[in-house]
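Reader: Hi! Could you walk me through the aromatic rings in this one?
Author: Happy to, let's take a look together.

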Amino acid sequence: MTVTFEIQGDERELAAGDYQSVLIKESSVAEQACAIFCNVLDLDADGRPTNGNEAEVTAAQYIRKYCDTNFEVDPPFEYWELDRPWREGKRLGPMP
């Protein structure tokens, strides 16, 4: 399986790479990407996404950066984008 997010036509944030094994073996990566997506996503008064593509791109950048340490996230992540939800008994912060 190949994970890809299309951005502005032919550009791809996650080039045709196999990220599935990383997302399966290290499930916290998928959890963090989902948290980023939800943190960035804005909804209008009717609950419809207003920036779904932006949220998708930001989550894809996290996955790519995790798998390719040479990749530069631009603009850099804001702290609130990386914030993870509170869980009973512990507070999960952003991943390194």
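**Aromatic rings**

Author: Tyr62, Tyr66 and Phe77 make up one aromatic cluster. Keep in mind that this is a predicted model.

Reader: Thanks! How many aromatic pairs does the structure hold?
Author: There are 2 aromatic pairs. In one of them, the ring centres of Tyr62 and Tyr66 are 6.4 Å apart and the planes meet at 35°, so this pair is tilted.

Reader: Where do Tyr62 and Tyr66 lie?
Author: Both are in helix H3, which covers residues 52-67. They are 4 residues apart, about one turn of the helix.

Reader: Is Tyr62 buried or exposed?
Author: Tyr62 is buried, because its relative accessibility is 5% and the cut-off for buried is under 20%. Tyr66 is partly exposed, at a relative accessible area of 30%.

Reader: And what about Tyr62 and Phe77?
Author: Those two form a tilted aromatic pair as well, with 6.3 Å from centre to centre and 55° between the planes. This pair links distant parts of the chain, as Tyr62 sits in helix H3 and Phe77 in the loop between H3 and helix H4 (79-82). The two residues are 15 residues apart.

Reader: Switching topic a bit, how accessible is Phe77?
Author: Phe77 has 21% relative accessibility, so it counts as partly exposed.

Methods
Residues are numbered from 1 along each chain as its sequence is written. This is a predicted model: local features need pLDDT of at least 70, side-chain atom pairs count only at pLDDT 80 or more; totals for chains, interfaces and linings use all residues. Side-chain values use heavy atoms; hydrogens and water are left out. Rings of Phe, Tyr and Trp (its six-membered ring) pair if their centres lie within 6.5 Å; planes under 30 degrees apart count as stacked, over 60 as edge-to-face and the rest as tilted. Buried means under 20% relative accessible area, exposed over 50%, partly exposed in between (1.4 Å probe, protein chains only).
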